[in-house]
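Me: I would like to learn how to read salt bridges in a protein model. Please show me the structure first.

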Amino acid sequence: MSPSYTDRTTFTTTNSGESSGATTISALPPDVLTHILSLLDGPALASASCASSHLHSLSAHPPLWRCLCTSSWPSTNHSPLSHLLSDHHAFFSDAFSALPLTTPPPPPFLPHPPHLISAVDLCFNDRPIISTILHTETRSAWFLTSPFRIDALDPEDPPPMTPAATLSGSTVAAEMSLTWIVVDPITRRAANLSSIRPVSVQRHWFSGKTQIRFATILGRGSHLVQCGIVVTCEGCEGERGGGGVQVREVCLQVEDMDGMNLNGEESLGILQMGMEGKRRRRREEEGRERGFYVGTSSWEEGLGIDQCCTFRGSMARLDILAGNIIWQIIMLQATIFKEELTQDLLFGQQSRD
């Protein structure tokens with residue numbers, strides 16, 4: 001018995017001649033597959049969507065990406081950001097991957113947003129201790145001319161406390177992670193301005209408080225800036241004698257590479273470049289990955305010697321989005337002219353005669 005194949009099940013033949021079914025993953029019910037996909041993280045889900053067309057359609061289920069966003073960044077479940085996000089897949093792609101170091105300028109017709117939305121999540125031992133949504137007005141003269149700074153904590157609110165068993169700043173920093181996602185409410189573009197882990201830890205010389213710094217680099221050409229987020233914390237004694245760390249301040253600032261603060265207008269332009277450059281880079285990468293191959297030849301292949309050899313065939317790979325040629329290989333060298341090739345062909349024919 002020869003093995004037969006279908007779209008959903010593959011049948012194999014045993015030594016005794018009886019056929020036994022080997023079920024593929026696509027034969028599982030969609031509800032079961034959707035539940036399995038819901039257990040994956042974002043990169044694994046994106047990889048699974050590339051395995052087959054069936055998994056791709058199931059991976060595009062909007063509730064999967066909405067659950068990923070709320071589990072990765074609890075602040076996205078807060079209003080009004082939860083109502084603003086309509087495409088959680090695109091938002092996850094914006095907020096999860098790193099920002100490009102070299103960013104193109106935004107289009108000239110792109111206006112500044114009336115306000116920025118920041119989704120801030122500070123975690124200690126993978127447990128959120130700060131999860132908040134911030135609104136920053138961007139059109140006032142005070143914002144545009146003053147040094148750019150956004151504070152995540154209200155000074156009047158009690159500072160959050162981490163249940164740390166030790167008061168060592170380096171130990172606390174090793175267990176701390178931060179995401180600071182800025183969202184343009186007009187274009188709904190987003191960017192994560194925080195590094196995954198702290199880039200530096202130092203103790204303030206006067207107050208003795210520990211400053212944990214997260215940072216990313218943005219810019220264009222030689223004009224690079226640093227988006228720095230400083231978490232200021234200090235040790236304290238708990239009510240029952242246990243040690244802990246209070247988070248006193250979490251602030252975002254934009255500085256040039258010399259440490260000078262940028263004002264609101266300059267910083268807003270940098271943030272827009274980062275968000276726009278990320279989308280543009282992803283479109284370019286998708287175009288390169290989805291390129292297709294085109295071979296070119298000529299009807300001269302069936303002609304005689306006196307009519308041929310005016311065209312050179314090639315194989316090219318094209319960008320599927322823009323139609324640009326990514327690479328092209330010419331089959332004949334440019335130094336081979338029609339006269340030389342014709343003489344070689346004629347000489348070979350006379351030799352055979």
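Me: Which residues are linked in a network of salt bridges?

Reply: A salt bridge is a side-chain nitrogen of Lys or Arg within 4 Å of a carboxyl oxygen of Asp or Glu. Here Arg149, Asp151 and Glu249 form such a network. This is a predicted model, in which local features need pLDDT of at least 70, side-chain atom pairs count only at pLDDT 80 or more, and totals for chains, interfaces and linings use all residues. Residues are numbered from 1 along each chain as its sequence is written, and side-chain values use heavy atoms, with hydrogens and water left out.

Me: How many salt bridges does the rule give?

Reply: The count is 4. One of them joins Arg149 to Glu249, with the closest N and O atoms 3.1 Å apart. Arg149 is in strand S5 (residues 149-151) and Glu249 in strand S12 (residues 243-256), 100 residues apart. Strands are DSSP runs of E, at least two residues, numbered from the N terminus.

Me: Is Arg213 buried or exposed?

Reply: Buried means under 20% relative accessible area, exposed over 50%, and partly exposed in between (1.4 Å probe, protein chains only). Arg213 has 18% and is buried. Its salt-bridge partner is Glu255, the closest N and O atoms being 3.5 Å apart. Glu255 is buried too, at 14%.

Me: What does Glu234 meet in a salt bridge?

Reply: The side chain of Glu234 meets that of Arg248, at 2.7 Å from N to O. Glu234 lies in strand S11 (residues 223-237) and Arg248 in strand S12, so the pair ties together parts 14 residues apart in sequence. Glu234 is partly exposed at 23%, and Arg248 is partly exposed at 38%.

Definitions and conventions. Helix = DSSP H or I, 4+ residues; strand = E, 2+ residues; numbered from the N terminus.
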